[in-house]
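Reader: Could you walk me through this structure while I have it open? I will jump between topics as we go.
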Amino acid sequence: MDAELLELQRQFESAQQAKSSVRLSERNVVELVHKLRQRGFLDFDLLHTVSGKEYITPDQLRLEMEAEIKKSGRASLIDLSDMIGVDLFHIETQAQRIVSGDSGLMLINGEIISQVYWDSVAEEINEKLQECSQISLADLAAELHIGSELVVSVLEPRLGTIVKGRLEGGQLYTPAYVSRIGAMVRGAARGITVPTNLSTVWSSLQQLLQEMDSASGVSVEGTFFQSLFNGLVKEGEILGSLRAGVQWTPAVFAHAQRESVDSFFSQNSFISYDVLHKLAIPQPKQYLQSRYAEGIPLEGIFVHPSMVEMLDAAIEDAIEHGNWIDCLSVLPAYIGSSDASKILSLCPSIQKAIKSSKAVILGETCVFSNVCIKDMFDRMEKEMDALIYKNPYAQGPSSELSTASESKFSSPGQHSDQKEVGDDASSRQVVEKGSKKKRGRNAGSMKPGVSEDDPDIQENFAGKTKKNLRKSKGTGSSDVPDTKASVKKGLDKGKDDSLNIPSEEWIMERILAISPDLEDMGGLDDPHALIRHLSVHLKPMLTSAWKKRRSAMLDESTEKRRRLLDDLQKQLDEVVLDLQLYEKALDHFDDDPSTSIILHKHLLRTMASPITDKILVTLDMDKKLKDGVEVEDHPNVETTTLSFGDRISLAKSLPGSLSAKAQALVEASEGKRVESFMTALRAITEESGLLLKKLDKKLERAMLHSYRKDLISQVSSETDPVALLPKVVALLFMQVYNKALQAPGRAISAVLSHLKDKIPGSTFKVLMDYHSATVTLLALQAAATEDEEDCTADRILSKKELLESMMPELKGLVLNTTSS
Amino acid sequence: MEGWDPSTKSALTQIPLLTTRAGPRDGGPWTQRLKEEYRALIAYTSMNKSNDNDWFRISAANPEGTRWEGTCWYVHNLRRYEFQLQFDIPVTYPATAPEIELPQLDGKTHKMYRGGKICLTVHFKPLWAKNCPRFGIAHALCLGLAPWLAAEVPILVDSGMVKHKDDEATSAES
């Protein structure tokens with residue numbers, strides 16, 4: 001047997017015995033694995049690869065992943081999934097396990113990163129930082145493809161160890177750089193002297209930096225500056241206070257602020273809030289109150305008590321000397337009127353004075369001593385009285401007067417202004433009474449002219465600077481029509497309620513006239529405000545004085561009226577009786593119309609006109625008295641003879657129905673019938689409350705008797721041949737008819753013819769002769785008036801002689817019959 | 001070489017060819033020939049094993065190596081059907097191919113001669129004759145028995161002529 005063959009046999013046997021490698025199809029394997037898992041032979045999860053051709057156990061996966069991570073220190077889960085060929089989900093879950101198992105690893109944003117990796121990155125960063133001195137975190141993050149927060153969290157523990165630098169506001173800086181910026185910030189902060197918004201400073205610093213190293217394009221954030229700044233403040237390298245994080249108030253500024261407030265307040269003893277505002281102190285009142293506890297806070301200003309004391313002293317002075325004072329002139333110009341009045345209320349002297357009614361405050365700031373006001377009041381009262389007496393229409397001329405005064409005192413003002421430089425010395429003397437403050441304001445504008453005019457008013461603070469003067473000139477002219485108008489209005493009103501209260505405007509004018517320095521004290525908006533206040537204050541006093549005065553006057557005038565009316569009544573009685581007496585005589589001439597008219601007219605002219613005049617004048621006076629108008633004297637009624645026009649105008653001036661009646665009376669007196677006059681007379685007397693006496697028999701007889709006696713005595717004593725005839729005729733008429741006759745010359749012949757039947761023929765003849773002679777004489781006289789020729793004069797003379805020769809016969813004729 | 005499936009063909013080409021033309025009666029050259037036969041079989045078996053296609057076990061039943069016996073199996077529907085295998089080396093070998101017998105299947109199928117010799121395809125003989133003396137026992141198994149098993153066993157199993165031994169056991173018990 002061949003050994004080789006045996007060997008081959010054995011080989012073949014072993015080849016047949018050898019286990020055949022199991023070749024399974026994928027499907028079989030899948031089924032097999034499935035079966036295994038079903039049976040529970042596999043006590044772990046089997047994972048598929050992405051291709052689906054492979055199973056992988058978690059442990060294997062983990063091993064592979066760890067290997068990958070160890071390679072670079074940083075592996076993205078997506079990359080791992082690609083590399084290992086396992087679904088991302090399994091990678092993720094496995095990654096969680098790996099990271100939780102290894103503290104040196106972290107899973108961030110789908111990446112597993114080891115601390116080693118960070119260390120190396122930090123070293124890289126450090127190298128870079130030392131080169132550039134500043135790196136932005138954003139750049140780093142972009143470079144590493146991670147979030148900047150992550151960069152910060154990674155870098156922070158390594159700052160100072162691996163990375164030698166400082167992290168500030170998203171930037172990494174080297175210490176050298178930081179110290180440089182710090183120096184800049186310190187310089188800027190120390191340079192600031194006024195309160196500043198820090199962000200503006202930072203922006204300017206930023207600009208500066210960018211200009212300095214524009215190449216590197218480094219941008220430093222404001223927060224970096226801020227943190228450096230805060231550090232400096234904490235260390236005390238820069239002094240000041242920080243408000244709201246950004247508003248920096250340097251200590252030097254606060255110091256200066258305090259200094260200036262201190263100095264101003266201590267020098268002026270007041271400080272306006274505006275000043276504080278200018279110094280950038282936001283709440284001046286509280287600030288000042290906290291600093292100066294003793295000060296007095298007012299609306300616009302803060303005042304030291306010394307200011308009040310000063311004002312107090314000035315006011316006390318003014319009150320003692322009986323003057324007035326405007327606080328505003330004493331106080332600094334800053335102080336407004338409301339503040340001034342507040343200060344006033346704090347003054348003890350003014351309180352005392354008001355309590356004891358020694359002074360009043362007018363127009364908020366002006367203090368008037370009662371002495372001063374009394375003085376003013378006295379003057380005005382006097383003036384008012386004068387005005388009342390002078391003018392029957394009390395108010396009318398006052399406007400003229402006031403305008404006159406206005407123009408008067410504006411022109412001297414101007415005048416004095418021109419010469420005031422020369423008079424400076426004298427004005428200074430005047431002011432010496434005032435305090436220094438007063439003079440400070442008013443020294444230059446004193447009005448010597450006025451002060452001389454009004455020596456009683458000692459404080460002549462005209463307050464008239466040139467500007468004021470010019471203004472007063474302007475307003476003066478415009479005021480005049482104003483006051484006129486208002487005065488007129490006041491007048492109308494006064495008429496309406498028949499009370500002449502002095503108007504406010506009038507008082508203002510008077511005050512100005514008495515003390516012109518008061519003008520322009522009221523302030524710019526209303527230059528007369530003070531005066532108005534004063535006038536309002538004075539008005540009640542003046543009004544009461546006026547009323548007293550007026551009631552006295554009214555009493556007087558009623559007395560006068562009564563007397564006047566009594567007078568009128570008396571006269572009226574007489575005259576009317578006479579008139580009635582004479583009227584009766586006229587009845588005899590009714591049959592002779594022409595004579596009758598002549599007689600009527602005569603009677604009206606001689607008797608009625610005077611009565612009319614008397615009535616009219618008396619009524620007019622009565623009316624005036626009733627109106628409270630002072631009537632100077634009793635006008636001599638007998639002497640006044642009025643023309644027809646005068647009568648009519650007087651009649652018209654009478655009030656109401658009286659006027660109409662009076663006009664009717666005047667008409668009647670110019671008429672032809674005595675009867676009509678009598679009716680008119682009766683009407684007016686009734687209207688005016690007078691009585692007309694009726695003529696009765698007894699009275700008639702007595703009157704006739706007295707008339708006859710009168711006539712006889714007249715005739716017997718008469719020397720004028722012309723005047724004798726009417727009287728003789730009248731006497732004769734009376735003897736015949738027992739009637740009193742008033743006959744004019746022209747009616748004599750008619751009367752004679754009327755008497756013809758009743759008297760003896762001789763007597764009639766004598767009368768006729770005398771009459772014709774008289775007529776020729778009168779005719780001659782009338783002709784002779786033009787030129788005095790001898791012949792006419794001679795003839796007149798001869799006629800006169802003839803008449804005179806006849807006179808005794810005539811007289812005898814009458815007297816005899818009378819006596820017989 | 002057409003008529004065989006590709007896997008059979010690739011397997012055939014990988015079996016080393018024989019060179020010695022000697023029959024069992026030739027003495028020394030037969031031994032030579034037998035060695036070559038063994039080498040070819042070893043190659044084929046190892047090839048089958050590596051391909052997970054191991055399907056037979058044979059061994060020379062006599063020292064001369066003229067009679068071979070063994071088993072062969074086929075997996076059908078996840079069941080392994082195993083059969084007895086035997087054949088003699090004919091005297092005219094290698095001109096004449098050995099006649100492979102499956103005695104268990106005798107009388108169970110038409111594609112079989114008496115005594116259980118399998119009927120080979122029409123392609124086998126010309127191919128064998130053409131490749132004499134390069135084809136040996138391994139080639140005969142590869143070209144003859146393997147295709148026949150693949151073709152006949154499923155039919156036999158489906159027709160119920162052949163039953164799995166587990167089924168036989170259960171049916172026997174019942």
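Reader: What share of the contacts in chain A with a separation of 6 or more comes from residues 24 or more positions apart?
Author: This is a predicted model, and in chain A residues 24 or more positions apart account for 65% of the contacts with a separation of 6 or more.

Reader: How many helices and strands does chain A have, and how much of the chain is buried?
Author: Chain A comes to 35 helices and 17 strands, and 43% of its 820 residues are buried. The accessible surface of chain A is about 42600 Å², with 53% of that area belonging to carbon and sulfur atoms.

Reader: Let's take one helix. How long is α15 of chain A, from its first C-alpha to its last?
Author: Helix α15 of chain A covers residues 305-320, which is 16 residues, and it reaches 22 Å from the first C-alpha to the last, close to the 22 Å expected at 1.5 Å a residue.

Reader: Which residues of α15(A) are buried?
Author: The buried residues of α15(A) are A:Met307, A:Val308, A:Leu311, A:Asp312, A:Ala314, A:Ile315, A:Ala318 and A:Ile319. Viewed down the axis of α15(A), these buried residues fall within an arc of 165 degrees, so they line one face of the helix.

Reader: And what is exposed on the other side of α15(A)?
Author: On that other side of α15(A), A:Glu309 and A:Glu320 are exposed. Just after α15(A) comes A:Gly322, which takes a positive phi of about 70 degrees.

Reader: Now α18 of chain A: which of its residues are buried?
Author: In helix α18 of chain A, residues 348-355, the buried residues are A:Ser349, A:Ile350 and A:Ala353. These cover an arc of only 95 degrees around the axis, which puts them on the same side of α18(A). The face of α18(A) turned away from the buried side carries the exposed residues A:Lys352 and A:Lys355.

Reader: Switching to charges, how many salt bridges are there over all chains?
Author: The count comes to 13 salt bridges over all chains. One of them joins A:Glu7 to A:Arg10, with the closest N and O atoms 2.8 Å apart.

Reader: Where do A:Glu7 and A:Arg10 sit relative to each other?
Author: They are both in helix α1 (residues 3-17) of chain A and, being 3 residues apart, they are separated by about one helical turn. A:Glu7 counts as partly exposed at 31% relative accessibility, whereas A:Arg10 is exposed, with a relative accessible area of 51%.

Reader: What about A:Glu66 and A:Arg62, how do their side chains meet?
Author: The side chains of A:Glu66 and A:Arg62 meet in a salt bridge with an N to O distance of 3.5 Å. Both residues lie in helix α3 of chain A, 4 residues apart, which is about one turn of the helix. A:Glu66 is partly exposed, with a relative accessible area of 26%, and A:Arg62 is also partly exposed, with a relative accessible area of 29%.

Reader: There's another glutamate in α3, A:Glu68. Is A:Glu68 buried or exposed?
Author: A:Glu68, in helix α3 (residues 58-72) of chain A, is buried because its relative accessible area is 17%, and the cut-off for buried is under 20%. Leaving aside neighbours within four places in sequence, A:Glu68 is in contact with A:Leu80 and A:Met83. The C-alpha atoms of A:Glu68 and A:Ile84, which are 16 residues apart along the chain, are separated by 9.3 Å.

Reader: Going to chain B, what do B:Arg67 and B:Asp88 form?
Author: Their side chains meet in a salt bridge of 3.0 Å, N to O. B:Arg67 lies in strand β2 (residues 67-76) of chain B and B:Asp88 in strand β3 (residues 79-88) of chain B, so the pair ties together parts that are 21 residues apart in sequence. B:Arg67 counts as partly exposed at 22% relative accessibility, and B:Asp88 is partly exposed with a relative accessible area of 35%.

Reader: Which residues do salt bridges that share partners join into one network?
Author: Salt bridges that share partners join A:Glu4, B:Lys35 and B:Arg39 into one network.

Reader: Last topic: which residues form the nonpolar patch on the surface?
Author: That patch is formed by A:Val22, A:Leu24, A:Val29, A:Leu32, A:Leu36 and A:Phe41, with about 520 Å² of accessible area together. Of these residues, A:Val29 is found in helix α2 (residues 26-39) of chain A and counts as partly exposed at 30% relative accessibility.

Note on methods. Residues are numbered from 1 along each chain as its sequence is written. Chains are lettered from A and ligands numbered from 1 in the order in which they are written. This is a predicted model: local features need pLDDT of at least 70, side-chain atom pairs count only at pLDDT 80 or more; totals for chains, interfaces and linings use all residues. Side-chain values use heavy atoms; hydrogens and water are left out. Patches are made of residues with over 30% relative accessible area and no salt bridge: like charges are joined within 9 Å, nonpolar side chains (Val, Leu, Ile, Met, Phe, Trp, Tyr) within 5 Å. Accessible areas come from the Shrake-Rupley method with a 1.4 Å probe; for residues, only the protein chains shown count as cover. A salt bridge is a side-chain nitrogen of Lys or Arg within 4 Å of a carboxyl oxygen of Asp or Glu. Helices (H or I, at least four residues) and strands (E, at least two) are DSSP runs, numbered from the N terminus. Buried means under 20% relative accessible area, exposed over 50%, partly exposed in between (1.4 Å probe, protein chains only). The expected span of a helix is 1.5 Å times one less than its number of residues. The arc is that of the directions from the helix axis to the C-beta atoms. Contact means heavy atoms within 4.5 Å.
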